[in-house]
Amino acid sequence: MQRLAETCEAIAGTTKKLEKIAIVADYFISRTAEEAAISAVFLSGRPFPMYQETTLQVGGSLLWQVVQEFSEKSEEQLADSYRKHGDLGAVAGEVLPHHQSSPALSVSEAEKTFGEIAAARGPAKKAALLRGLLARATPLEAKYLVKIMTGDLRIGLKESLVEEAIAKAYGATVTEVQRANMLLGNIRETVLLAAAGKLVEAKMRLFHPIGFMLASPAESAEEALSYFASAAVEDKYDGIRAQAHCSGDEVRIFSRTRDDITESFPELPDVLSGLDKDAILDGEIVAWSYSEGNPNEPGRALPFSALQQRLGRKKVSQELMRQVPVAYLVFDVLYAGGELLLDHGLRERSAILNGLLKTARKYMKARSKESQGQLGFTSEEDPSTAQVIRAPVFEAHSSDELEQLFTAAQERGNEGLMIKDLNSRYTPGRRGKSWLKMKRELATLDVVVTAVEYGHGKRIGVLSDYTFAVWDRDRLVNVGKAYSGLTDAEIAEMTQWFLEHTLADQGFRREVEPKIVLEVAFNNVMKSDRHNGGYALRFPRIVRLRPDKPPKEADTIERVLEIYESQNRARRKSQ
Ligand code: AMP
């Protein structure tokens with residue numbers, strides 16, 4: 001463990017990526033495969049491989065308490081050290097007494113103890129094991145043991161760099177290592193295969209998320225069709241991206257941030273368990289309006305705002321499932337029946353997906369009917385059983401056809417179109433030109449800035465967040481807040497102006513003279529009580545400053561209402 005801790009210090013000592021990779025690779029070579037495999041997990045900043053169910057369940061306060069006991073320092077002294085470092089691992093390295101344990105602590109013993117801590121029930125048992133571990137550690141080892149336990153090494157090393165180091169150490173290509181690690185979802189096992197020269201033998205393992213393929217924006221229909229010859233066109237649904245792993249009755253759903261969100265959608269696993277093969281599906285979960293009275297009509301997707309209430313919940317009541325039903329619109333398949341499909345073209349994946357859902361469809365209907373009682377639906381309340389739906393695919397060969405599909409998608413209440421190269425592979429985690437997204441701004445509004453706030457990150461010292469308003473007769477009412485769209489130079493100039501034209505200084509926020517007019521674009525209008533206008537623009541972006549426009553000529557709340565209603569009309573029309 002001492003060698004690993006020294007290696008971590010060396011990694012922290014350089015900002016150069018290539019040097020970091022070389023240090024890790026040298027360390028791997030000098031160790032046995034087993035030690036290197038365990039260390040790869042620790043170097044990724046975790047006590048256990050990612051997506052392993054095991055967690056330490058050791059809170060910061062327990063760690064703090066044990067570090068304090070060993071240090072023989074007062075709470076005050078420890079707090080001082082913490083303020084200096086902002087990291088409990090670094091504190092442990094500074095305050096723990098020097099001693100050399102014999103025999104020296106190994107990475108295998110550290111791994112074993114982490115396992116025992118995870119399995120131990122209750123803080124007293126966990127604390128005893130933790131004491132045992134730290135008692136044997138040198139201060140430098142303790143520093144990194146604590147950092148690993150808190151899940152943040154802070155040495156500028158990501159798992160992707162560890163992958164590169166594995167490739168360098170064992171003479172494999174980075175692509176081979178990345179692929180094996182993606183399939184296994186376990187860097188420990190990836191090292192063992194790499195060391196044995198058997199990376200090609202890595203087999204897909206379900207229930208850990210694979211990176212999502214991403215899309216690039218296309219500004220126009222012409223541009224969209226300029227990249228490839230044959231395009232599959234789908235509606236762009238306004239929900240959340242979801243990757244479903246299905247194996248018989250076991251189903252897990254992962255979000256774009258790779259979180260397990262299965263619990264938020266308890267109605268979906270039941271339907272997805274109807275697939276007759278193991279599979280990984282890619283799609284969008286949306287709030288769904290089931291068309292009443294006509295079980296043959298599939299219904300339609302609702303805007304994101306409707307889905308919001310369903311997100312981030314651990315427990316979803318039957319009441320909520322009834323109020324906000326969801327559907328999973330599946331548009332891709334990454335794995336089916338033992339075969340990884342990433343390298344197949346979209347045309348082929350699409351055919352496989354159709355087959356998969358078709359054979360399952362009957363079963364799915366039966367299953368979800370069966371489960372209706374369980375979920376609290378009666379068939380009158382939930383006429384549709386199509387909770388898992390193959391996202392319809394269209395074809396477009398000319399920009400005119402694409403324009404028509406775009407209008408139709410918006411009339412169905414969807415955001416726009418996704419245009420996909422039928423010959424493209426599925427590239428996890430990459431934003432390329434094989435998938436394009438086409439959205440059009442609903443409209444733009446000219447608004448008046450009424451208040452400003454200091455920004456975050458590199459905008460910390462400038463007033464870059466603008467609350468803006470429209471006219472309600474002769475009163476300005478706020479309808480949104482925008483952060484992006486202006487250049488740094490414009491923001492600097494505006495900051496100066498706002499400082500000189502502040503009406504009320506509330507510290508982080510300033511009410512300012514309502515003289516600056518902006519043109520803002522947005523995705524849609526929502527009813528909201530966050531702003532005093534009663535409406536809020538969703539995802540507003542500043543298009544430009546409008547110094548040419550006097551504030552009195554800015555838009556009105558009537559115009560906002562008009563846009564809100566036309567948006568709803570378009571949706572109703574498609575019902
Ligand atoms: P954006 O979030 O604007 O970058 O657009 C990309 C997102 O659109 C994806 O991550 C999906 O969540 C979503 N999306 C909606 N419909 C589709 C579709 N048919 N194909 C792919 N992505 C879609």
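This is a predicted model: local features need pLDDT of at least 70, side-chain atom pairs count only at pLDDT 80 or more; totals for chains, interfaces and linings use all residues.
Me: Why is Cys 8 called buried?
Reply: Buried means under 20% relative accessible area, exposed means over 50%, and partly exposed is in between, with a 1.4 Å probe and protein chains only. Cys 8 has 3% relative accessibility, so Cys 8 counts as buried. Cys 246, at 2%, is buried too.

Me: How many disulfides does the rule give?
Reply: The count comes to zero. A disulfide here is a pair of cysteine sulfur atoms within 2.5 Å.

Me: What joins strand 14 to strand 15?
Reply: Strand 15 (residues 475–482) pairs with strand 14 over seven bridges, again antiparallel. Val 470 stands opposite Val 477 in strand 15. The two strands form a hairpin with two residues between them, and Arg 473 in the turn has a positive phi of about 50°.

Me: What makes Asp 472 and Arg 475 a salt bridge?
Reply: The term requires a side-chain nitrogen of Lys or Arg within 4 Å of a carboxyl oxygen of Asp or Glu. The closest N and O atoms of Asp 472 and Arg 475 are 3.5 Å apart. Asp 472 is buried at 19%, whereas Arg 475 is partly exposed at 44%.

Me: How many salt bridges does that rule give?
Reply: The count comes to 39. A network of salt bridges links Asp 446, Glu 519, Arg 544, Arg 546, Asp 548 and Lys 549.

Me: Why is the pair of Arg 188 and Glu 34 said to tie together separate parts of the sequence?
Reply: Arg 188 and Glu 34 form a salt bridge, with their closest N and O atoms 2.7 Å apart. Arg 188 belongs to helix 12 and Glu 34 to helix 3, so the pair ties together parts 154 residues apart in sequence. Arg 188 is buried, with a relative accessible area of 16%, and Glu 34 is partly exposed, with 37%.

Me: Which residue meets Glu 189 in a salt bridge?
Reply: Arg 205 does, at 2.6 Å from N to O. Arg 205 sits in the loop between helix 12 and strand 1 and Glu 189 in helix 12, so this pair ties together parts 16 residues apart in sequence. Arg 205 is partly exposed at 35%, and Glu 189 is partly exposed at 28%.

Me: What makes a group of residues a nonpolar core?
Reply: The members are buried Ala, Val, Leu, Ile, Met, Phe, Trp, Tyr and Cys residues joined through side-chain atoms within 4.5 Å. The largest such core has 93 residues, and Phe 28, Phe 42 and Phe 114 are among those with the most contacts inside it. Helix 3 gives the most to this core, with seven residues. The core draws at least three residues from each of domain 1 (2–160) and domain 2 (214–439), with bounds that come from an automatic or database domain assignment.

Me: Which residues does Phe 114 touch?
Reply: Among them are Phe 42, Pro 47, Leu 133, Leu 145 and Met 149, with residues up to four places away in sequence not counted. Contact means heavy atoms within 4.5 Å.

Me: Why is Gln 57 called exposed?
Reply: Gln 57 has 61% relative accessibility, so it counts as exposed. Gln 57 is in the loop between helix 3 (33–43) and helix 4 (60–71), and its phi is near 55°, a positive value in a residue other than glycine.

Key
Residues are numbered from 1 along each chain as its sequence is written. Side-chain values use heavy atoms; hydrogens and water are left out. Two strands pair if DSSP finds at least two bridges between them. Helices (H or I, at least four residues) and strands (E, at least two) are DSSP runs, numbered from the N terminus.
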